[in-house]
Amino acid sequence: MKKFFGLFYSNLFLTNRLFTALAFCVVLFALAFFFPWLGILPELFFWTLTVILLIDLLMLYRTSAGVFARRHAPERLSNGDDNDLGIYVENRYPFAISVGIIDEIPFQFQRRDIWFKTQLQSRQHKLINYSLRPVKRGEYEFGDTRLYVQSPIGLINRRYNFKQVEALPVYPSFLQMRKYELMAISNRLNEIGIKKIRRLGHSLEFEQVKNYVPGDDYRTINWKATARQGSLMTNAYTEEKSQHVYCVVDKSRSMKMPFDGLSLLDYAINASLVLSNVALLKEDKAGLITISETKGAVIPADKRNTQLNKILEVLYKEKTRYLETNMELLYSTIRSVIKQRSLVVFFTNFESMSALNRQLPFLKRIAKFHLLLVVFFENTELKKLTEEHAENVEDIYIKTIAEKFVYDKKVIVKELTRHGIQSILSTPKELSINTINRYLELKAKQKI
């Protein structure tokens with residue numbers, strides 16, 4: 001009995017409507033002290049309120065399971081994307097109710113606004129949707145779902161607690177990957193900023209001899225087949241396949257810098273996943289290397305169906321280190337792992353020429369054996385400072401320093417180009433699009 005009443009009181013909450021009624025009752029008793037002609041009106045109001053309160057209690061507590069709730073969540077969340085979740089709510093009372101819903105989301109989101117209010121008729125159910133955007137990979141633990149139920153009288157709330165503790169992993173942006181995958185399959189990549197690149201010349205991959213149709217290149221006409229068939233025939237070529245594409249992800253302290261909640265490492269990881277998927281769709285072989293002061297994960301290039309899942313699982317566990325990248329170790333790893341000419345996409349970051357000069361000798365050595373594409377980041381916050389109007393000496397000083405850093409990034413691009421190294425200077429948000437554009441461009445120009 002003691003346990004029952006403890007549970008009863010812990011799940012019982014008074015509403016503002018009841019407090020208003022009690023306040024009015026107190027006012028009536030106070031007025032009756034000065035105005036005797038009010039008679040028994042205050043007592044009558046008090047006992048009427050007590051009876052209504054008991055009826056409200058009876059309506060809400062006469063059944064042990066008046067409502068039901070269940071969280072609808074995916075098996076895993078996508079980092080940096082809006083992930084859709086939902087709460088299914090069902091009213092099992094024989095009357096309409098008002099429901100307040102709290103879903104205990106992981107502390108990493110630092111949000112206190114997951115509160116929903118809805119009305120449910122008898123036996124009605126609803127699905128309430130909301131979204132969450134994680135900015136770090138790892139496990140996120142969800143807590144209980146709590147419902148606060150009011151009857152049509154509305155004097156009290158009954159709380160229902162639904163134990164739904166679960167831990168969801170946050171993986172690199174697979175939602176972004178799927179978006180680009182669908183666009184690539186339907187040849188609609190240009191709708192999201194992917195450029196159409198004109199193929200120069202012909203690859204060595206012969207596909208078939210087919211009938212000539214207007215618009216075919218005259219240089220592809222097969223005159224011997226034309227003479228045999230008596231009609232124009234052309235050679236059809238396809239893009240070279242099974243080329244090796246390696247994403248090399250720098251995990252050093254230079255990749256710790258955050259933009260819009262995500263670190264540069266997370267942007268690089270998301271872009272690596274998208275590029276690997278597009279490469280596999282183009283029937284190339286995708287591989288992965290991670291590096292910091294020590295050698296990280298190494299996945300040799302392959303195009304099996306399980307390759308993308310391998311890359312995803314490895315990228316899920318990667319974390320930023322706090323030391324400089326060991327470029328000598330990276331060079332030796334590439335030489336030992338990659339046995340044929342490949343496209344090596346190196347995701348890193350340079351903030352100054354001195355940072356580049358420390359790594360340039362090793363980048364030049366890698367570029368002798370492979371097509372090296374260095375991808376680094378434009379500092380969007382500094383660029384905003386250069387565009388602001390300077391109003392005093394301090395603003396002029398800050399703007400000048402910001403312009404110097406922005407100029408250094410452009411000089412880095414020129415320095416890499418001077419040594420025959422391809423590069424991309426990209427904002428974090430446009431990293432995936434810019435990387436895919438360059439990959440398709442290099443493939444169309446048959447540079448891999």
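Is C247 buried or exposed? With a relative accessibility of 0%, C247 counts as buried, where buried means under 20% relative accessible area, exposed over 50% and partly exposed in between (1.4 Å probe, protein chains only). The views below belong to a predicted model, in which local features need pLDDT of at least 70 and side-chain atom pairs count only at pLDDT 80 or more, while totals for chains, interfaces and linings use all residues. Residues are numbered from 1 along each chain as its sequence is written, and side-chain values use heavy atoms, with hydrogens and water left out.

**View 1. The whole chain.** The chain carries 12 helices and 21 strands, which are DSSP runs numbered from the N terminus (helices: H or I, at least four residues; strands: E, at least two). Its radius of gyration is 33 Å, whereas a compact globule of 448 residues would have one near 22 Å; the radius is taken over C-alpha atoms, and the globule rule is 2.2 Å times the number of residues to the power 0.38. Along the principal axes, the C-alpha atoms fill a box of roughly 115 × 70 × 45 Å. Of the 448 residues, 46% count as buried.

**View 2. Cysteines C25 and C247.** C25 is buried at a relative accessible area of 4%, and C247 is buried at 0%. A search of the whole structure finds 0 disulfides, a disulfide being a pair of cysteine sulfur atoms within 2.5 Å.

**View 3. A nonpolar surface patch that includes W37.** V27, L31, F33, F34, F35 and W37 together form a nonpolar patch with about 740 Å² of accessible area, computed by the Shrake-Rupley method with a 1.4 Å probe, for which only the protein chains shown count as cover for residues. W37 lies in the loop between α2 (16–34) and α3 (41–61) and counts as exposed, at 68% relative accessibility.

**View 4. Loop residue R123.** R123 sits in the loop between β6 (115–120) and β7 (125–132). Its phi is near 65°, a positive value in a residue other than glycine, and R123 counts as exposed at 53% relative accessibility.

**View 5. Loop residue E283.** The loop between α6 (264–281) and β17 (285–291) holds E283, whose phi is near 65°, a positive value in a residue other than glycine. E283 is partly exposed, with a relative accessible area of 37%.

Technical notes: Patches are made of residues with over 30% relative accessible area and no salt bridge: like charges are joined within 9 Å, nonpolar side chains (Val, Leu, Ile, Met, Phe, Trp, Tyr) within 5 Å. A salt bridge is a side-chain nitrogen of Lys or Arg within 4 Å of a carboxyl oxygen of Asp or Glu.
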